[in-house]
Amino acid sequence: MINELMIIIFAPLLAGVLAWLLDIKGIREAIGVIGAAIPLAYLIQAYQTLSTQPSIQYSIALAGFKFEFLLYQINWIFAMIAGVVGFAAVLGMVSTAKDSYEWLFALISLTGVLGVFLADDLAGFFIFWEVMTFASFMMVLKYNRKASLKYFLLSVFGAYAMLIAIGIIYAKVGALDFATIQQVLYQDAMRGAFGTDTLFSRNEMILVFGLFLIAFGVKAGMFPLHVWAPDAYSETNQSYTAMFSGVLSKAGVYGMLVIYILLGTRLMYEFGKFGAAPKFGYIIALLGGLTIIVGGLLAALQEDIRKLFAYSSISQIGYILVGIGVGTALSIEAAIYHAVSHALFKGLFFLIVATIIYRTGKTEFKDMGGLAEKMPITFAMAFVAILSLAGIPPLVGFASKWLLFEAVIHENMPILGGMIFFGSAIGFVYLIRFTYAVWFGQRPTDLDDTKDAPLPLAIAMGILALLNVVFGIAPGLVAKELNKIFGKEVIGGTIYELNLGFGRYNGLLITIWLVVGLVIAAIIYFLGAKVRKVPVTDTYQAGNPVTMEYNLTIRRNFFLPLKETLAFWLRISFDRLYQDIGKWIEDLAETMRHYIYNGSVQAYAWYLAIVLLILALWGV
Amino acid sequence: MNPQYASLLIALPLFSAFLVPLIKRAGKKVILPYLTLVTLIQTGIAAWAFKEVYTTGKPIIVLAGGFQPPVGINLYIGHFAALFVLIIAVVSFFMTVFSMKAIDVEPIDKYAMLFLLLMLGATGMIATGDIFNLFVFMEITAISAYALTGYNKTGEASEAAMKYIILGGIGSSFFLVGVALLYGSLGTLNLAQIAMLASKMNPTVAQAALALLVFGLAVEAELFPLNAWAPDAYQASPHPVTVMFSAFVVKAGLYAMVRIVYLFKDTPAFMGILNLILILGTLTVVIGELSALRQTNVKRMLAYSSIAQIGLIAVGFGVATPQAVDAAVFHMVNHAIVKALMFLAVGYVAITLGCPCIESFKGLGKKMPLTAFAITVGAISIVGIPLFNIFWSKFRLLLAALQVGKTGIVALILGASLVEAVYYFRLIHAMWFEESKDEKVEENLAFSIIMLLLVALIIVIGVYPEPVWNLVQKAATDLYNVANYIKNVPLLGVSP
Amino acid sequence: MINCVQCIEYLIVILMIVSAIFAVEWRDLLAAVVGMAAVSLFASIAFFLLQAPDVAMVEAAIGAAMSAAVFIFAIKRTERYESEEEGTGWWVRW
Amino acid sequence: MVKRALAIIIILITGYWLANALAQVPFGADKMLVGKYYLENVKEQTGAVNAVTAVVVNYRGFDTLGEVTVLFIAATGVAALLWRKKRERTAKSEGSVVLQTGSRLLLPFIMLFGAYIFIHGHLTPGGGFPGGATIATAFLMLYLAFREYEIPHNVFEPLEGLAGMSYVIVGLIGLAIGGYFLFDWIWQTWQLGHANIGRLFSAGFIPIIYTLIGLKVGTELTGIVDNMVKEPKEGGQ
Amino acid sequence: MISAYYFGAISLILIGLYAILTKRNLLKILVGLSIMETGVNLLLISVGYVSGRTAPILTEGATPQTAVDPIPQALVLTAIVIGVATTALALTVAINLYEKYKTLDIEKIRGLRG
């Protein structure tokens, strides 16, 4: 009865419940960490098994459903992301979590996301999707009601869209497991290709695709459904956000892949191709591209570190969506690669933010500065993360972005390529702020006795930073696993080298060059470069006198001119649109209930009479 | 044991209710413990009947007076009835315990009688196999419900009772017209025989009769727009009574409606009526949830939520595929558990802190942690989060509806569920994360145990729904499989 | 052909309807109750004509007498006259 | 006025619909199915001559039990809702001399008449319900005639309960003896009175039950009247 | 063409309904309900009537073949009592309402709404 998949999925849940029930400081942390470590251990062990057999299977019958779980190459990668980043986040929570409530829901959400990755039927997929959504919602609810409700409503809206899509498929196919659905839809596509009647009509396909797109788009934070993300990512325990942004958003990405797996052939038949990409995929890619731009621009305009990274996270997911949308083997592998690297560096970022907030209690740029001296370890981590996100070799961020770029350009998609390029540029724009405003420059006096990261957080950051570096230097490690998905050498090369045929990247070589360069620089530095030490207060102003309203320092309104340039576009806010819809519905409900339940029994009697009249008219 | 002893399910509450005037002489203090005792015995009998039905797999047919149906009236305690009679008895038992604290308005002896008879009425409605007897039990339920609604004797209570009486009166009158039409064209009142003969009925009469019967019962079953009395009655009646309304009184009405509708499977009017139920059910869900959205009185909010859930069940019955009926019955059971818990907890808060308004709930997590926890679990369950019981039934129900292509209806219901999530999570937020100055309150042990029991049930069913699901499937088959129903009732050969 | 029995039937039914209308329309509630009792009494006669003596008795004793009595007590404890004002109707004025 | 017009339109359409349906249920035609069985078997199965009574008490005993319960609920409900700490009667004047003397004189006769009605339920039209109502009428007259009159509550309330209980007990004895709830054990098991169908001592437990019903209905209706008449004392809320 | 009794019964039901729909006085509404119930009872009895037969009291001269259907009569017996029970309870509620609101106008008794 007990299978390793079962353990992988439910160990965090059990640990969470146990930690919550015991609620003893010290023990609950230990239980929580163990609960997060068990799935990771089993997943690593499963690597062995998967090298000898194609998949590990588990199924359980419950409430009239047969739930199937299957571990194979694609979702092993995703589950590993969840395992590693989840473990790191839980370690971080040892320092930042305040009570057992957070342990409970953080671990439940880990269960949820693992279940989503491992589920091999739509019912299970949906259930764990809901578990994940709910648990992460509860994490946010504790901090901010408005943000959490926004998150929950959009997520559940997405989940319900998915439910309807599942129902439509179920009604036609009569089964919920992936294998059958895939097969039936494939046959359906064949049938269509031979000109016979298809099971699904064109409109139904559009509907199903649209609903799935909404469902997964919400979770991934795809434009224009991203509005929950900045608030939800920032209004919760920041250690948890490492998992939230690093792993939970990947569920949306994984969902997009599921669209390919289940509906790909059928959709391709129905809508045809656009260039090399399937048309439906191109929609995903285009939305992904927009997400990159919107997320990046908005990230640059934020004054709060948490918000900055939240938007940055949205922007990065956009890359993954572009990769998935293009739909060639290479681009999908690149997308998954970027999913891995995004999880690693964004997890790291949020742990860094968690450390900063834990130690300083501040979240805004204007209150920070000069922390590099006080928190050297954290700064080192941040350095890795920044380089990785910015896509600077030899870190993992470069490898994945490079692959993605190559994949898109190779298919002659200039628009998408432009979007990715723009995204990278804007990435520098917001990172420069983070780099300077937090770590360098003038330090406010109240931060003078800030300590460095506490041990659990340091370990957690260390794990992620290490992986960032390792996968950057040896990108072939990941590429090898990705190639197993398609069963062929999509990305060629060795462990240190990625070879696409039309371009190659050697992580080790670059590292060596970099190290050599650094050594030379150091030699030059030590041999006699004249460095003048200036006090940090020694700044100069030129031209106009500075007023507080238009005081553009790196810590304050740095990109205000950008904001002013974009003023017209910023007025279009989907967030506000959704809020207006929500308010409108609430007002409608208010008015409606006062009209309908107006208190007069005679009016109620009239309702009865009207129903009677309808019955009579129907009868006559 | 003679299965006829199942008639004790009816006899015992009646006898005990008639005994109350004599018990009263022993002092007012005895009455509520006596009530508890009676419901406990009733639970025992119901458990016995439940065991009997589910082990033998055959329904218990109680013949009143020893006459075979359709000459005599029979009670049909099949899988569905056995399950629900047990639920009724158990919920009533819990409520008697609750009454000890919640009822402080005199005259307590009358309350005890009405309480027992309300329980009796619901039991009878679910168990009976005769349409006029159904009417009688419906009236027993309704009239005791009217009296209990007005029991607090405040202006609000009287007003709610007045609304309930007038609407219920119209409903039952038209129900009786339906019975008259039915009898006039078939010459029998036995449900099984009606089912047997229904296909031969004149379609005009069948349509009118069915429409009128559904109309009458829909008032009891709280389908919009016939449910206008319900929120008022839920709000104004004593807290234990609200629990009973939500947990089984309305379900008895819904069950009766569905039972009757399914008897007419072979008539041309059947599909029309199903569509009507479907539409009314959907409207009930949507309008119920929207109305609950900005309530400041939590009890009233729960009332609207309860109505909406009933609408969901009605949708399940309206879809009328076996899967949908399974899911609907499952939802009935789950909803009974959850709403019993919710109204119990909210009622407890109301009597401890003075009123069921939202102000009392601010910071409840500090004041009454256990109650707040119970409400939280109930709310999460109702919203339909996996690992809690309602998720399963809701999920199955919606899948069943989607399976027959009712996508629009499902979309509306899901939209309403979003609304539901909003107000429940606002409540949860208010309970746990808002501050309040009040002191911590000592929570009553008995209520805590009851609430924890229900919470445990919610979670157990949520995590491992298998046993309940099996029970429910049998119950639903009993409801849905009319041919079997006809076969199970030993009809006397009076029919030509 | 209209024979005598049918005459009586029609008469009773008409009387019943007329008293029902009066019962509904009279503003004096006491009179309305009397009208209602009259409806019951005529119904009771109709029951008798329909060969239902048991029901006729019950209707006369309980339906007419007792319920009228209860109504009258209730009127005594509340008010006797329906107020004159005619509302604009619930759909205009909430 | 719009309201009235709309109401009339709705009513006319509904009425047309009902009439349409009823037209398919021909008036005066023999539509009996179960009814025929009753008429043919009523005498040997129940011993009652009045088929309605047999149906009410024997064949459809559950309905009657329920019906008694409904009235019981109403009486209880009325008492519960009108319950106040202190109440009194507030009649402005005594009844006229004629009423007073008349009611005093007539009281035993009316009660006797009521008793007659319910005891002979299985033979003649009538039975427990009109009988009970007649008895209640007697008390109603007393209430009208005398300003200070009140029924003896400590007799009526237990009597009401006892009568109901006895009904259930009679049914339970049937369950014990015959194996069925509300089984007519007197007629079918003991076979008492089979010789004198059509006379008073026949028809099994019908007279017993009708007596109980009569008592119960009488006490309940009287109770309702009593509760309606008494008004709360000033400040006695 | 339907019979006079059917017509009468339906008319009573509808007149009662009319009263409920248009009258604002609570007692008037209850009068309407009461009339409705009478109408329903009349309808039930008329349904059970068989032309030319006698009451189902099987004394000398009356045989099962010459009696009308006893079932509707039994039903109506029950229905009448139930009707009175409802009415009595409703009137009690009306009395309570009058005590609290000092009016019987249902347009003014609207404490619970929304």
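Student: What is the handedness of the crossing of helix 2 and helix 3 of chain A?

Tutor: In this predicted model, helix 2 of chain A crosses helix 3 of chain A in a left-handed manner. The contact draws on residues of helix 2 including A:Gly32, A:Ala36 and A:Leu43, and on residues of helix 3 including A:Trp76, A:Gly83 and A:Phe87.

Student: How do the residues of that contact divide by type?

Tutor: There are 17 nonpolar, four polar and one charged.

Student: And at what angle do the two axes cross?

Tutor: At roughly 155 degrees, with the axes of helix 2 (residues 27–52) and helix 3 (residues 73–96) of chain A coming within 9 Å. Angles over 145 degrees count as roughly antiparallel, and these two helices of chain A are therefore roughly antiparallel to each other.

Student: Changing topic: how many residues of chain D are in contact with chain C?

Tutor: On the chain D side there are 19, in contact with 14 residues of chain C. Helix 6 (128–145) of chain D is one of the helices that supply at least two residues each, together with helix 1 (2–23) and helix 9 (206–229). The largest share, seven residues, comes from helix 6 of chain D.

Student: Which residues touch the most other members of the largest nonpolar core?

Tutor: B:Ile77, B:Val85, B:Val91 and E:Ala94 do, in a core of 660 residues. Helix 13 (residues 322–353) of chain B gives the largest share of this core, 21 residues.

Student: What is E:Ala94 in contact with, leaving aside neighbours within four places in sequence?

Tutor: Its contacts are B:Met162, C:Ala74, C:Thr78, E:Leu26, E:Leu27, E:Leu30 and E:Leu104.

Definitions and conventions. Residues are numbered from 1 along each chain as its sequence is written. Chains are lettered from A and ligands numbered from 1 in the order in which they are written. This is a predicted model: local features need pLDDT of at least 70, side-chain atom pairs count only at pLDDT 80 or more; totals for chains, interfaces and linings use all residues. Axes are lines fitted to C-alpha atoms, for helices over the stretch in contact, and angles run from 0 to 180 degrees between N-to-C directions. Helices (H or I, at least four residues) and strands (E, at least two) are DSSP runs, numbered from the N terminus. Angles under 35 degrees count as roughly parallel, over 145 as roughly antiparallel, 65 to 115 as roughly perpendicular and the rest as oblique. A crossing is left-handed if the near helix is turned anticlockwise from the far one by less than a right angle, and right-handed if clockwise. Two residues are in contact if their C-beta atoms, placed from the backbone, lie within 7 Å. Ala, Val, Leu, Ile, Met, Phe, Trp, Tyr, Cys and Pro count as nonpolar, Asp, Glu, Lys and Arg as charged, and the others, Gly among them, as polar. A nonpolar core is a set of buried Ala, Val, Leu, Ile, Met, Phe, Trp, Tyr and Cys residues joined through C-beta atoms within 7 Å. A residue is buried if 20 or more other C-beta atoms lie within 10 Å of its own, exposed if 12 or fewer, and partly exposed in between; C-beta atoms are placed from the backbone.
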